[in-house]
Each structure stands twice: as C-alpha cells, then as structure tokens.
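Please open the model in your viewer and keep the selection tool at hand.

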Amino acid sequence: MRNPIQILAEIAGQAGLTVVFALFFAALFVYVMTRNYQRMMCEEFRPDLLEGERQIDRLDITGLITSSRTILTDRRVLQSNLSWLFSRRQVVAIGWADTHSVTLKRSLAWIILIAGALVARGVNPAAFLLVLWGLDSRAYTIIFETPFAQMPWTRVRARSRDRAALPELVRFYRSGYAVWAQMRVDKSTAPVIPAPDAIATTDADFVVGKNVWIGVLVVMAAAVLQRLAEGHVGFDSSVFGPIYIAAPVAAARNSRRDGFWVALLGFLGILMVKFPSTGLPGALVNDGGVPYFAQYIGVLITLLLMSEAAAAISRFGWPTLSPLAALLWLPYVAMHMPAVVSDLGLYSRIVAAVGMASLAAILSAQSQYLTLRAGRKV
Amino acid sequence: MVQGRKSSRVDVGVALVTLAMAAGLWLAFEKQTHATPESSTAQFLHALDSRDLGVVRSQLVPAVYDEFVQTFGNQRFERVEHAYDQAYRLGDARWVEIRERARDLASQDYDQIRLRVTNLGKEAFAALPVDERMKLMDDQALYGEFVFAHGVSALSPTDRARIGSAAEFKLSEDRDAFLDREGFSALGSEDKALAGSAAALANGQTAAKTLLHDRFGIPLLPRPLRDEIGSITRADLQDVAAFKLKFGEPVAKKFMQDHVTASAPALQPCTYTWVSEQGSLLKGNEAICNLHYTTRRGTQVASVHFTKEGFEWRVSRVGPTIADLPWTERAP
C-alpha cells in the first residue's frame, strides 16, 4: 500500500517539472489574491466630504470577486472599486457640474454569449452551458458620464449581475437622476423627475431559474461521469439511468415550467456530452457512431410527458405521488424496443428513478426550510 | 412550515420504500445467471468445460446449436456420400450388362416385327389383281410404300401397339426408344426380378436406376465403406440438415466429453451493437463479447454474439464457429 507522498510523487513525475511549477505558481497567485481581497473587504470606504457637502445616497454592490461602493453627494459622485484580480483598488470622483448624463442599462451579459460562441465552433457541453448562462444572465449598469472631449473622460459605473439587486439599483438611479436634473436643468424650470412607474423594478425577462440549473447540471455531470466510467452515455445504466429519468420528474413537482425546461435542456445537455465535436471535451470522440434521431425525439417526448404528468399529479393535490410519473418510461421502452422489456434491471432503474425523485423533493424541502430558518434568524 | 415537515415525512417514506424496492430488484437482476452478456459469457465458458452437450445447448439459440452439431454431422455426411458414389461406380458394370442384354433381346423383337410387316405386306401385294400388281412393280418406291403400309395395318394389335409411330418405324428412327421401352419386358424372369422395373434400365437418371446401381455396388465396396453406409439409405441423404443433425449429435456429445478449451480466455468488455454503432441511448438486444485465447500459436480471438431472448442473453453466433475454438484433448 503506497503512502500519499509516494502517490503524489508518482503523479508529479508523470506531469513533469514545468507543469508542477505552473501549478505551484497558480496556487500561490490564487492564495495571495484571495488573502489580499479578504483584507480589502475589511476596509471601509469613507470619503472626506467637503465643507457643506451632504451625502444623499449610497449603493453597495458585492460580487464574487469585485466590490464597489458608490456615494452620491450634493456636489459629487464618488466610487470605490475593489477587485480580487491583481488586488485592484480604485477610487473615482466626478463633480455634478461635469456630469453630462446619468444612464441606466439592462441587458443580457452578451459577453458570455460571445464567449460561448467562440468556445463552441461545434457542439459541445461547455458551449451549451455558456450559452445557457448567457441567456439567463443579467447586466445592470448605472453610468455617470462626463463629456468625451473632456479628457481623461472619467466615468463612474455601478454594475451588478444580480437580479435581486434591480430594485436597489433603480432606486439609486432615481436619486442620481434627480440630483443630476437639479444640477443640470435650468433652475428656473422644474426639474424633470421620471414618473414612478416609468422604470420597472422587477425583472420579467426569461430566467432559467435555480431549480432548472441544478437539474441540468446534475444531469450533465452524471453524463460526463458515465462516459468516463462506462464509456457510453445511455439510459440503461443502473447508476446513471435513474438520474436522467428522475430529474424532470423531480423538477416538475413544484413547477410545471421547471419540469419542462429540465426535460428539454437536460436532454440536450446529455446529447452534448454524447456527441462533443469540439471544444474543451473535444478529446472525447463521438459516442456511438451516428446520431439516432428517431430515438432521441422519442426519448425527449417521453421526458416531456413525464414532467407534464408529474406536474399534473402535483397540481391535483398529490405531490407525494408525482414521482410515479417516472413509470411512463416503461411504455416508451415497450414501444421502441420490446425485446428489452423483459429485464429486471429496467424495472429496478424505473423504481430507483421514483425513489430519486422523492429524495430530490426531500432535499429541496430541507433546503427551503433551512433558508427560511436562516432568514428568520437574521 | 408544519405542513412542509409532514410532506417531508411522507416523502421520506416513499423514497425509502422505492429505493429499497429498486435495490431488491437490482439484486434479483444481478443474481440471474443470464441477465447480462458478461454473465452469459461466463455461463457459456463454463458450459464449454462441462463435458455436457445438453448444458452447451442451453446457452445457445437453436440455430447456433444446429450449426455446431452439424459441423460433426458434416464429416459423416461426406463419408457416406462418398461411399454411395463409390457403390454407384462399382455397380455400373453389372447394370450395363443387364441393360445391354435387355436391349439385345428388344432389338431381336424389333427386327422380327419388321420382318412380319414385310411378310404381311407382300401377302397383301400377292392378293392384288394382276394389273395393279404390274403397276406397283413398275414403281419400286410405290411398291415399298404399299408393302409397308399394308404390312403395318395387318399387324396384330399387340405388335401395332409396340411400334408406336409408323413413320418413325419405317425409317427405324424409333429403334432406340423401342429398345429402352421394350428391353425390360424382353428380359427373362430372373433378370426382370433383379432389375425390378423398366425405369431401372432407363437412359436418364431415375431413382430406380440409382437403387439398382446401389444394389449391385454396395456388396462390392470395401468393408469400411460398407460400414460407413450401414443402414443409411439414399433418402436419408436428401435432407442434408436433418442428416447432419441426427448423425452429428452423438459425435458432438463424444467430442464434448473428450475435449476442453485450451485455456481460460481473457474476456474483453462487451459492446452493445445499438450503442456502439447506432448512437442509441438504450443498449438494445444485441451484444458482442470478445474472448482472447492464448495458445502456442499466439492469441486467438473469438467473437461471441448474444441476442436477448426473454429475460436471458443467449449465444446467437460464434466467430469462428464453436468447433473452431482452441480445443485440446481432455486428460484421461
């Protein structure tokens, strides 16, 4: 039995000195950046106000690797930016007299879509997830802009990708707009204040949703693991097959919409792993010759029907029984490949799928319970 | 939140029960001896070493079993067929002798009928008035026609029926057919009893002719070839598959008792045809498992094809054949 040191030494020996050094410096970089960022986060940005200057509003945005505090006073717009990458700190200030516009922007994070398209160059799971993320993402930006001709063209930008931050951003934008209007519009006329309903404070755009993301990621992770462990992606695995069947049924228990998207996107994700032609998993060859479209359409329809059935059972007042919708897998197999119906393994997988869907409901309920409890404590 | 906890308890119950059922079904599935191609391969290899043809048969679809047994029956079939060919060749001389005898006798009959026709025709000519006789004698062709026609019409009904077409009889074009047809009835009683029927002496190939050759030839065969034929008739050779099966089974049984495969083969992971070639998400009902035998001559690969029949996977093809696997004689 070899000890961990021997195992590590063997792995390092196979990887080579260059790779070992590269990994070491990458780890050192991450450690230093993280340590610095943690210390930066403890610092509080409190700008010195001028005599007679009054603070009007403040907006704090904290992301995964960035943090900003934007302060509106009656004379200036001030902002402190912190970034994990390169331990960057930045403080910006512009006077209201120089600010020629205050803009609020909402869009998809289009940069992710472009990255997905670049990574794609074909069909592959990484591109699929990037594109899905891009479609689900949001980018909200408030820009306090100075004229371009007025070098160095300083701008203050408050950004967030969090949908929950939209009301806060809209509120801050209105404050900034009001002050800007007060400063820039002729003081002899009333300032232009936007009507209360002119700006939506809730985002009604398409959202993938947490449950759908979990369902899709679980299904795709299972598909990748199955390819590595068993060589092929398929629904006949004792371990992975029940996951593919249970995912849409579990999602549909609380939301018909979620069940539909997990069935559709999850199945597409499985196909991406089965036939990755380029990109990150391009090292994996296509699994099993040519695509069997007639079967794929049948499987997709069955998954959608299963999710609809689960949602209907749940809607009619029996959510505990909704996992039984997984039993619809049997008629599909019986129609498509009657010879394999005589297989105890098939029945084992279907019953396991029912069990997994129930298990998912338990985990979801526990997660909600813990979240609510944490919220009450705060 | 109380309602949420209640639902959670029921869900826990459902999850536990269904997962337990799934585990039970999976265990039952794993315990089946022919649930997967891998387990069926193990059973197949075990059967090959079991000395029991019946055990091997239980692993195979009927067509594969028949093919295996017929391999052994094929050798017997070829030997019996060769023996019969030899018997036919040996019996030919005596057959020709009888046939020639029949034809000689029939030829004499034919000539006698011709003589009777001529005589009867001349009698008819003699009965004519003188002037008509004079007219006919002036024209030889006319005279010949008159004699033949009146001779044929004066023949007895029996003789008339024997010659068939008068036009062919006139030019002797029907001589061979007459000899073939009348040869058997011209034979003596002893030869008739030996030949059996006219078909036995026919020009072309008939069953009776073959039987007669065999009757003459088999006693002339060397003892080993006679033993090879034994009680097997020509009719038994007509249904080749049934013959090979019937006579191959005892040989196959003996072979299984006396032989064992050379070495325990290395089993490669089985592949499912639907998955590996057609991109299917379901494994389907066809699989191929490769066995690597290590022999003195190197590595020999055998592909065992499986088809799902009911709850079990059965061997549907072996490439090369089961008989071509590396067998060695079992130690006594």
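**First stop: helix H4 of chain A**

Select H4(A), where the buried residues are A:Pro125, A:Ala126, A:Ala127, A:Phe128, A:Leu132, A:Gly134 and A:Asp136; buried means under 20% relative accessible area, exposed over 50%, and partly exposed in between (1.4 Å probe, protein chains only). This is a predicted model, in which local features need pLDDT of at least 70 and side-chain atom pairs count only at pLDDT 80 or more, while totals for chains, interfaces and linings use all residues. Residues are numbered from 1 along each chain as its sequence is written, chains are lettered from A in the order in which they are written, and side-chain values use heavy atoms, without hydrogens and water.

**Second stop: a nonpolar patch**

Next select A:Leu17, A:Phe21, A:Phe24, A:Phe25, A:Leu28, A:Tyr31 and A:Val32, which make a nonpolar surface patch of about 740 Å²; such a patch joins nonpolar side chains (Val, Leu, Ile, Met, Phe, Trp, Tyr) within 5 Å, from residues with over 30% relative accessible area and no salt bridge. Within it, A:Phe21 belongs to helix H2 (residues 17–42) of chain A and is partly exposed, at a relative accessible area of 47%.

**Third stop: where the chains meet**

Now show both chains: 46 residues of chain A and 32 residues of chain B take part in the contact, which means heavy atoms within 4.5 Å. Finally, select B:Asp11 and A:Arg253, whose closest N and O atoms are 2.8 Å apart in a salt bridge, that is, a side-chain nitrogen of Lys or Arg within 4 Å of a carboxyl oxygen of Asp or Glu.

Conventions
Helices (H or I, at least four residues) and strands (E, at least two) are DSSP runs, numbered from the N terminus. Patches are made of residues with over 30% relative accessible area and no salt bridge: like charges are joined within 9 Å, nonpolar side chains (Val, Leu, Ile, Met, Phe, Trp, Tyr) within 5 Å. Accessible areas come from the Shrake-Rupley method with a 1.4 Å probe; for residues, only the protein chains shown count as cover.
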